[in-house]
Amino acid sequence: MSVSEGEEGGLFRAAPSDNSQDLLDNPTKTVATGSTPEDQASPVVDEASPSSASSFEMLDMESAHAPYQEVQPHWFFCRRADDNTSWLPFSREDSDKLENAFTNISDEGEEDTVVAVEGQRYDVHVKERKRYAVYWEQAPSEVRRCTWFYKGDKDTRFMPYPEDFSKDLEEAYRKSVTSDEWKKKLDFPTGETVILHNPKLIMQYQPIGLQDDWVSSPTEHTRPRTVKRGVDNISVEIPDGEPEKVDHVVFMVHGIGPACDLRFRSIIQCVNDFRSVSLSLLASHYKRAQQEGQVGRVEFLPVNWHSALHGDATGVDEDIQRITLPSISRLRHFTNDTLLDLFFYNSPTYCQTIVDTVASEFNRLHVLFKQRHPEFSGTVSVVGHSLGSLILFDLLTNQRDESQARQGISGEPCHLNCNTLEQTLNRLGLQQYLDVLQNENLDLESLALCRDSDLKDLGIPLGPRKKILNYVRRKWLPEDCRMGAVCQAQGPQLQPEVTSTQDGNESSGLPPQQFHLHRPQSVTSAVDYEYFDVGIGQVSIDYPQLEFHPQTFFAFGSPIGMFLTVRGLKRIDPNYTFPTCKSFYNIYHPYDPVAYRIEPMIVSEVDLEPMLIPHHKGRKRMHLELKDSLTRMSMDLKNNVLGSLRTAWQSFARLPVAALPPGEGGETTTAKTLEETQASAAVTASTKREDKGANFWTKILAWSSAIHRHYFRGGFDEAESSESVEEREHREIKMGMLNGGRRIDYVLQEKPIESFNEYLFAIQSHLCYWESEDTALLLLKEIYDNLGVAIEQPQQ
């Protein structure tokens, strides 16, 4: 290729109409005029831009004897977002698989072939030319086998031609190369005109439409397009292939609203970006392990509950819309679609919908992933952002391990008293419903497990349902079993710390190891709601069980600590751990307005700073290092000034020594000895002050060189050593078993620009986790540490 976009514009302006056929056939006459500096600023890849007719002649001579070689196709897929259409290439591995399938279909002419691409997250129907998502609901996207591309003046990237159009171009190109005849004009039925000047210069002209008064010249309608043959001749970034081996699976749950970042992207797009970040970090920080086959990749899959909550099944959007005021409609729509999710989660009806959706999606994705990866033998982790982390916390808190599933969470099986169903209904005056319950084979024990919706399905009216449920809760179960049932429904955060029996002995309905979270005595009057515990506790719903045990729970920007406090909980027992998940990390940005800490609820007697997440390049950010250095300097200056003042005050306050009269040798010797001792002490004190001052200024002068060594020579080693010092400092502090005795709160390092105004970046700080390399690297480090693979620091 041999012409720049500016010359394309000059070429077109010399031949704007049908009467200038001679100029179109001989572009060398006009290509040196009409090009502008703006056009010349966008050269085409692999082109030598000629500025005279002789350069075109040389190109024609050079390319005249070049043999014809068939173009190598590459497969692209279409992405549409906000009325913008873009074509993105598959990786070379996926493109080769699609091309092989296409060749086999063309030869055999059989039914459509499905090819799994992009880590088996999408299926491509080759004959249909459609790309379908596997794990989530998404409209199918178009797939194209691309050989020819074009780009206009205002386009930012090359776009592929339709396959039929490309076939016609390739056939014309083949004839021109074989016969060595160029400057051919191709007219297409749609009105486009393509001129093949030589193998390096091919232009397309749009049809000249009807002119109107607003168009100054026909060139505004008919500016030419640059035409390129083959993907190797255009500027496009073809993604690298990814390993087929999957070491770990991570399910990611979003927070409030349908959008997850400031660009209003969905959870699917944000998880895809997080996945791309993790792949690049694996290539840089686990390069040797990947080459040795120890490391494959980590699969990240999104879990969407917002669409199920706001879908047609619940009808909640229509109900809210009927009572929404017409003023400030956009703000009210944002509130209804986003902020109301917090209130929905505290509603017994919609909380059950949210939890059921999350749990069912977990189980469905896990089963589907195992079906598509039968060789997978790794473990699973879960990630929750914002409200999603609270959903996961409540869900994991109410999971049952094998022992709890056998005998219940209280440790002892609950028994109903000996009243029969008929006696109970007669006592309540509801004997007319005895036949209805007996037809369903319900006894007292099974009736105690029924919910309001179950009795409603049997046709029992609201009043009798309330009587039955209230009697079951208050009369049928003993006190300890009732407390165990409440705990089973609501989670261990609602368990009392200690209860008192009639004989004066302190006991509880649970063994000591089941004490998890402690609630202070309520200062409000008891409110007996059907779905709520005393006060403003957690909603009482049925928590479904997961079909797998998560290895680690990561919370991003989580309000868990705030919600637990609002529920009336003072502290988390250090011995508490999730029944089926043994690790928990609370990750947050320092300016995140939604995030709260967890460690002060476990270790309240010690004020600990959160663990600082290392930068993915292996060092502290510059402004944080400067801040720490200035803090140390100010402390050294303060200590030196105070030390000097203290020494001066002591010298003034020293008691004077009485002069001894001349006497015998012994007395004279004693006086001399005392004087020598005082003089020696004064010299020693003066020497120490001088040494302190010298050391202080030596530290200041060596500060710049220390920064240079830290950032340009051995930054990672020093960061690693400083991190080990912090670990040694906190080694003796017991953090409880929620994260296996390790630290829980981890804080990101803010960017330098964010430190200028923390309020300005508050909202962005809550949404930054999806594109954070530091966050992704912490997840990878935790995952592969459990697999025995150490992290590597890339060469700087």
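Two strands count as paired if DSSP finds at least two bridges between them. Helices (H or I, at least four residues) and strands (E, at least two) are DSSP runs numbered from the N terminus. The model is predicted: local features need pLDDT of at least 70 and side-chain atom pairs count only at pLDDT 80 or more, while totals for chains, interfaces and linings use all residues. Residues are numbered from 1 along each chain as its sequence is written, and side-chain values use heavy atoms, with hydrogens and water left out.

**View A. Pairing of β9 with β10 in an open sheet.** L186 has V194 in β10 as its bridge partner. Four bridges join β9 to β10 (residues 193-198), and the two strands run antiparallel. Both belong to an open sheet of six strands, in the order β8-β7-β12-β11-β10-β9, with antiparallel pairing. The edge strands, each pairing on one side only, are β8 (159-160) and β9 (184-187). Strands of a sheet pair through backbone hydrogen bonds, either parallel or antiparallel.

**View B. Two residues with positive phi.** Most residues other than glycine have a negative phi. K183, which is not a glycine, has a positive phi of about 60°; this residue lies in the loop between α6 (163-179) and β9. S386 likewise is a residue other than glycine with a positive phi, near 60°, and is placed in the loop between β15 (379-385) and α13 (387-397). Accessibility is classed as buried (under 20% relative accessible area), exposed (over 50%) or partly exposed (in between), with a 1.4 Å probe and protein chains only. K183 counts as partly exposed because its relative accessibility is 33%, whereas S386 is buried, at 6%.

**View C. The salt bridge between R567 and D394.** A salt bridge is a side-chain nitrogen of Lys or Arg within 4 Å of a carboxyl oxygen of Asp or Glu. The side chains of R567 and D394 meet in such a contact at 3.0 Å, N to O. This pair links distant parts of the chain, 173 residues apart: R567 is in the loop between α21 (560-566) and β20 (571-572), and D394 is in helix α13. R567 is buried, with a relative accessible area of 5%, and D394 is buried at 0%.

**View D. The salt bridge between R742 and E782.** The closest N and O atoms of R742 and E782 are 3.5 Å apart. R742 is partly exposed, with a relative accessible area of 34%; E782, at 6%, counts as buried.

**View E. A network of salt bridges around D261 and R263.** The network links D261, R263, R265, D273 and E771. D261 is buried because its relative accessible area is 8%, while R263 counts as exposed at 51%. The structure as a whole holds 29 salt bridges.

**View F. The loop residue D240.** D240 is found in the loop between β12 (225-229) and β13 (246-253). With a relative accessible area of 70%, D240 is exposed.
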